[in-house]
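Keep the view open as you read.

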Amino acid sequence: MVEADGLGGACVLTDCVPSKTLIASSETMGLLHRSADLGIRIEGYDGRMTRSPGSVTVDAPRLYGRIKALARAQSADVAARLAAEGVEVIASRGRLTGPHTVLAGDREISAGVVLLATGGLPRQLPGAEPDGERILNWRQLYDLAELPSELIVVGSGVTGAEFASAYQALGSQVTLISSRDRVLPHEDPDAAVVVEDVFRRRGMTVLSRSRADGVKREGNGVIVTLSDGRTVRGSHCLLTVGVMPATMGLGLDQAGVRVDERGFIQVDKVSRTSAPGVYAAGDCTGVLMLASVAAMQGRIAMWHALGEAVQPLRLDHVAATIFTEPEIATVGVSQASVDSGEVEAKTVKLALATNARAKMQGFRDGFVKLFARPRSGTIVGGVVVAPRASELILAVSLAVEQMLTVDQMAHTFAVYPSLSGSLTEAARKLMRPVETSR
Ligand SMILES: Cc1cc2nc3c(=O)[nH]c(=O)nc-3n(C[C@H](O)[C@H](O)[C@H](O)COP(=O)(O)OP(=O)(O)OC[C@H]3O[C@@H](n4cnc5c(N)ncnc54)[C@H](O)[C@@H]3O)c2cc1C
């Protein structure tokens, strides 16, 4: 294995693991924000999601220290596992010199099979170069000495929405700049509306249909210029405008590996590239930028290379979560594919506001939604918007994977009171009416 920056990759060291660790702390602040409603008083804390002079504050060095330590520990676990499997790790940048040769530092390694998994890099916005101090990409956040007091997040896709949600909960005053009509433009529209509503209610400024043209330092802060001439000022700016493939300088041409017009490596459903013996997996392929998909692509590549029977990658069963508060978890078909007629499905959406457990825990934002085939009742997808939706979606995932029907889910016991009870209730609502004989 040739790895330039650290085992576990960006997923473990800078992207997925650190951001979810940050969000674990922001969730705790979210609980504290709700505590007054639940009858718990914190002396000097006004219960509002703004930086308060009360006794609850964020210890930024400790927060970021924990995040970095956890990432390093996770990376060490990967290293231990590789060592136990007898994998040689070469800490170097590698590049192909042909389809079966990799140059890593001064070593040239021959291989029957090569797997490229070089990931991605934060996309840069011309006129908004990160300086690592006040103009930042998400990999630079954890070196800050303090919590940004006024954070401007540019980009309202998954990464932007997650960080905006987390920093708002931690006490930063957040402005989210979104070029589209609403945040999370590629996600379930009902879910995006709920999350945007929560953002605004908690005091976040969401600037829709606003495109950032440039970001500059100004005194002890930053100034973002929008394409219509407006300006937004803050203490820090976080750029979340997408991921570019890390495929430059990899020697792909020499090896005959084709890339698309944006530089992503082209692969088929068993992770083969255009060069025989060269496979690619993960963000460098641009297929679906999730750690779970990257790992599956890698496994499929290796099974295929070893000549095992292999099922091609299926993207219609991928479960994914956006870790905002509340979380949005999805699996299977989307609302867009149902609305366009591409998929024929009945839909039911149940608001969590009527769920007894949700009331007890003091939240009302969220819903469960199920999609099922009209005649057979087979469950083909679902959306859960709730705290810990990432855990709740497994029931729908199982149903989609195992082609369970709404009748089967409706007959499954759910605990009372529980959020998952809303899933079985949604299934009951989709059951075919029992035909009565005369
Ligand atoms: C902020 C953020 C949060 C995320 N959260 C989630 C989440 O909650 N769940 C989820 O499923 N996904 C999440 N993702 C997506 C997930 O992180 C990626 O899909 C995943 O990291 C892709 O894995 P990979 O192996 O393709 O690449 P990476 O994890 O990017 O690893 C690639 C590695 O290759 C190394 N490398 C690159 N070029 C070379 C070279 N020439 N020689 C040697 N080494 C090289 C890099 O240094 C890097 O270490 C998140 C992404 C971001 C940005």
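A charge sits over a ring if NZ of Lys or CZ of Arg is within 6 Å of the ring centre and within 35 degrees of the ring normal. The model is predicted.

Q: Over the face of which residue does Lys-349 lie?
A: The distance from the ring centre is 5.0 Å. The cut-off is 6 Å. Lys-349 lies over the face of Phe-367.

Q: Are the planes of Tyr-64 and Tyr-142 stacked or edge-to-face?
A: The structure holds 1 aromatic pair. Its ring centres, those of Tyr-64 and Tyr-142, are 6.1 Å apart. Planes over 60 degrees apart count as edge-to-face. These planes are at 75 degrees, so the pair is edge-to-face.

Q: How many residues apart are Tyr-64 and Tyr-142?
A: Tyr-64 is in helix 3. Tyr-142 is in the loop between strand 8 and strand 9. The pair links distant parts of the chain, and the two are apart by 78 residues.

Q: Is Met-302 buried or partly exposed?
A: Met-302 belongs to helix 7. Buried means under 20% relative accessible area. Met-302 has 32%, so Met-302 is partly exposed.

Q: What span should helix 4 have?
A: Helix 4 has 13 residues, at 1.5 Å a residue. The expected span uses one less than the number of residues.

Q: Which residue follows helix 4?
A: Helix 4 is mostly covered, with 11 of its 13 residues buried. The residue that follows has a positive phi, near 120 degrees. That residue is Gly-171.

Terms used: Residues are numbered from 1 along each chain as its sequence is written. This is a predicted model: local features need pLDDT of at least 70, side-chain atom pairs count only at pLDDT 80 or more; totals for chains, interfaces and linings use all residues. Side-chain values use heavy atoms; hydrogens and water are left out. Rings of Phe, Tyr and Trp (its six-membered ring) pair if their centres lie within 6.5 Å; planes under 30 degrees apart count as stacked, over 60 as edge-to-face and the rest as tilted. Helices (H or I, at least four residues) and strands (E, at least two) are DSSP runs, numbered from the N terminus. Buried means under 20% relative accessible area, exposed over 50%, partly exposed in between (1.4 Å probe, protein chains only).
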